[in-house]
Amino acid sequence: MSPDPRPDSPDTPPEDTPPKRFRSPFAIRPRTLVIVGLLALAGGIFGLRDHIGFLISAEQAEAHVVSVETFDPTEGFTLYRPTIRYLTANGGMTATAADTYRPTEAGEILSVAYDPANPADARLMDPRDRWILPLWMVVFGAITIVIGIRRARRGPSLDSD
């Protein structure tokens with residue numbers, strides 16, 4: 001039978017000390033969450049700004065799909081690259097390829113926006129292709145920043161690294 005440790009022994013925690021919590025090996029520090037959130041937010045804002053800037057100077061046209069190249073899904077999404085032909089505002093015919101996640105077939109008529117200074121720079125006007133990714137990045141970044149700030153305000157955990 002071993003003797004009871006003395007109250008002032010270094011191995012015995014004081015009675016008013018809360019139990020020690022252990023950090024999960026998968027725990028992410030608040031600072032890391034805020035940094036990741038800021039990067040996602042910046043990427044989303046940059047994507048939105050790029051698309052809005054393009055739309056301000058762009059002309060719209062109806063485009064005929066001439067052919068479609070399909071890329072097999074390696075990450076769960078099939079990418080379609082239709083070759084489209086459309087008339088520009090000054091009457092020139094332009095053919096170019098545009099990427100989309102929308103299933104597309106030859107013979108379809110799609111709405112496109114193009115840069116009058118460079119008619120080969122055409123983008124399909126499907127919201128799934130232009131707005132979803134930057135908006136998701138902005139939402140993800142904002143939520144991640146809020147979680148990181150809330151964790152930082154809770155204070156450090158009681159474990160020691």
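**Labels and their grounds**

Modeller: Start with a charge over a ring: Arg123 lies over the face of Phe54, at 3.9 Å from the ring centre. Keep in mind that this is a predicted model.

Colleague: What makes Arg123 count as lying over the face of Phe54?

Modeller: The distance limit is 6 Å from CZ of Arg to the ring centre, and CZ must also be within 35 degrees of the ring normal. Arg123 is at 3.9 Å from the ring centre of Phe54.

Colleague: How many aromatic pairs turn up in the whole structure?

Modeller: The search finds 1. Its partners are Tyr86 and Tyr114, at 5.2 Å centre to centre, with 35° between the planes.

Colleague: Why is the pair of Tyr86 and Tyr114 called tilted?

Modeller: Centres within 6.5 Å make a pair; planes under 30 degrees apart are stacked, and over 60 they are edge-to-face. Here the centres are 5.2 Å apart and the angle is 35°, so the pair falls in the tilted class.

Colleague: Which parts does the pair of Tyr86 and Tyr114 tie together?

Modeller: Tyr86 belongs to strand 2 (residues 79-87) and Tyr114 to strand 4 (residues 109-115), so the pair links parts 28 residues apart in sequence.

Colleague: How do you know whether Tyr86 is buried or exposed?

Modeller: Buried means under 20% relative accessible area. Tyr86 has 1%, so Tyr86 is buried. Tyr114 has 3%, so Tyr114 is buried as well.

Colleague: Why is Trp136 called exposed?

Modeller: The label needs over 50% relative accessible area. Trp136 has 58%, so Trp136 is exposed. Trp136 is placed in helix 3 (residues 132-154).

Colleague: Which residues form the nonpolar patch on the surface?

Modeller: Ile132, Trp136, Val139, Ile143 and Ile147. Together they have about 480 Å² of accessible area.

Colleague: What about Arg153: buried or exposed?

Modeller: Arg153, also in helix 3, has a relative accessible area of 73%. The cut-off is over 50%, so Arg153 is exposed. Its C-alpha atom is separated by 9.2 Å from that of Pro30, 123 residues away along the chain.

Colleague: What pattern does the protein chain follow along the sequence?

Modeller: The order is α-β-β-β-β-β-α-α, from 3 helices and 5 strands. Of the 161 residues, 23% are buried. Among contacts between residues at least 6 apart in sequence, 62% join residues at least 24 apart.

Notes:
Residues numbered from 1 in each chain as written. Predicted model: local features only at pLDDT ≥ 70, side-chain atom pairs only at ≥ 80, totals over all residues. Heavy atoms only, no water. Phe/Tyr/Trp six-rings, centres within 6.5 Å; stacked < 30°, edge-to-face > 60°. Helix = DSSP H or I, 4+ residues; strand = E, 2+ residues; numbered from the N terminus. Buried < 20%, exposed > 50% of the residue type's maximum accessible area, 1.4 Å probe, protein only. Patch = residues over 30% accessible without salt bridge, like charges linked within 9 Å, V, L, I, M, F, W, Y side chains within 5 Å. Areas by Shrake-Rupley, 256 points an atom, 1.4 Å probe, with all protein chains shown as cover. Salt bridge = Lys/Arg side-chain N within 4 Å of Asp/Glu carboxyl O. Contact = heavy atoms within 4.5 Å.
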